[in-house]
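This report describes a few helix contacts in a predicted model. Please look at the structure before reading on.

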Amino acid sequence: MRARTIFRVVAALSWAALSAVAIAGDAPARPSTKTANENEIERGRYLVAISGCHDCHTPGFLATGGKAPQKEWLTGGVMGWRGPWGTTYPANLRLYFQEINEAQWVQLAREIRRRPPMPYYSLNSMSEADVRSIYKFINSLGAAGKPAPAFVTPGKVPPQPYVQFPDKLK
Ligand code: HEC
């Protein structure tokens, strides 16, 4: 390639690069368009997914390998968990979170104790920032579904379906 041709090619490329920069400069800055609140909601979505809340609080989640549509997320379990504690039903968190405010949830998450198999101790050890993100996410989903069935006392046989734990747990 002759020197003059090389110069032309380089000049053309530089012009193209400069135009690209100019175009990019005109475009709205994408990464900063999400508000702080939206970022927290996204973090809550992630935390709920990795900390297993769906496993019990989203109907059918465990049995289908997580194939529940978002509209059914966290609407509570209709399957009972029966053991020496009685039969418990995972609460409808879509309704629950409409009834409490964020400050109440922060306090609750720190102190909550519930019957098995609710892993309340996981909530107790979460950072306040994570607990707040979970609140914002679940609350953003809005109310849906019906309240979970009522607790059944030990010794009483609940209706199907339920999971039976052994009487002697250890
Ligand atoms: C292994 C099943 C299981 C998992 C996993 C689970 N829960 Fe639960 N959860 C339950 C059951 C069962 C109850 C009802 C316990 C009772 O009746 O005492 C419950 C109750 C609750 C309650 C109390 C509702 C009320 O009415 O007082 C909250 C809040 C809650 N769960 C939030 C969560 C969150 C948030 C996660 C994820 C970090 C989660 N749970 C994970 C089974 C589960």
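## Helix α5 and its cover

Helix α5 spans residues 102-111, and its buried residues are Glu-102, Trp-105, Val-106 and Ala-109. These residues lie on the same side of α5, because they cover an arc of only 105° around the axis. An α-helix has 3.6 residues a turn, so residues three or four places apart point the same way.

The cover over the buried residues of α5 includes α4 (93-99), α6 (120-124) and α7 (128-141). At the start of α5, the backbone nitrogen of Ala-103 has a side-chain oxygen of Asn-101 within 3.2 Å.

## Leu-123 in helix α6

Leu-123 is part of helix α6. Its relative accessible area is 12%, under the 20% cut-off, so Leu-123 counts as buried.

Beyond its neighbours within four places in sequence, Leu-123 is in contact with Trp-105, Ala-109, Ile-112, Met-118 and Val-131. Trp-105 and Ala-109 are also among the buried residues of α5. Between Leu-123 and Arg-113 the C-alpha to C-alpha distance is 9.5 Å, with the two residues 10 apart in sequence.

## Helices α2 and α7

Helix α2 (residues 36-50) packs with α7 at an angle of about 95°, and the axes are 7 Å apart. That angle makes α2 roughly perpendicular to α7.

On the α2 side, the residues in contact are Asn-37, Glu-40, Ile-41, Arg-43, Gly-44, Arg-45, Leu-47 and Val-48. They meet Asp-130, Arg-132, Ser-133, Ile-134, Lys-136, Phe-137, Ile-138 and Ser-140 in α7. The residues of this contact comprise six nonpolar, four polar and six charged.

Definitions and conventions: Residues are numbered from 1 along each chain as its sequence is written. This is a predicted model: local features need pLDDT of at least 70, side-chain atom pairs count only at pLDDT 80 or more; totals for chains, interfaces and linings use all residues. Side-chain values use heavy atoms; hydrogens and water are left out. Buried means under 20% relative accessible area, exposed over 50%, partly exposed in between (1.4 Å probe, protein chains only). Helices (H or I, at least four residues) and strands (E, at least two) are DSSP runs, numbered from the N terminus. The arc is that of the directions from the helix axis to the C-beta atoms. Contact means heavy atoms within 4.5 Å. A polar contact is a pair of N or O atoms within 3.5 Å; within protein, one must be able to donate a hydrogen and the other to accept it, and residues adjacent in sequence count only if both atoms are side-chain atoms. Axes are lines fitted to C-alpha atoms, for helices over the stretch in contact, and angles run from 0 to 180 degrees between N-to-C directions. Angles under 35 degrees count as roughly parallel, over 145 as roughly antiparallel, 65 to 115 as roughly perpendicular and the rest as oblique. Ala, Val, Leu, Ile, Met, Phe, Trp, Tyr, Cys and Pro count as nonpolar, Asp, Glu, Lys and Arg as charged, and the others, Gly among them, as polar.
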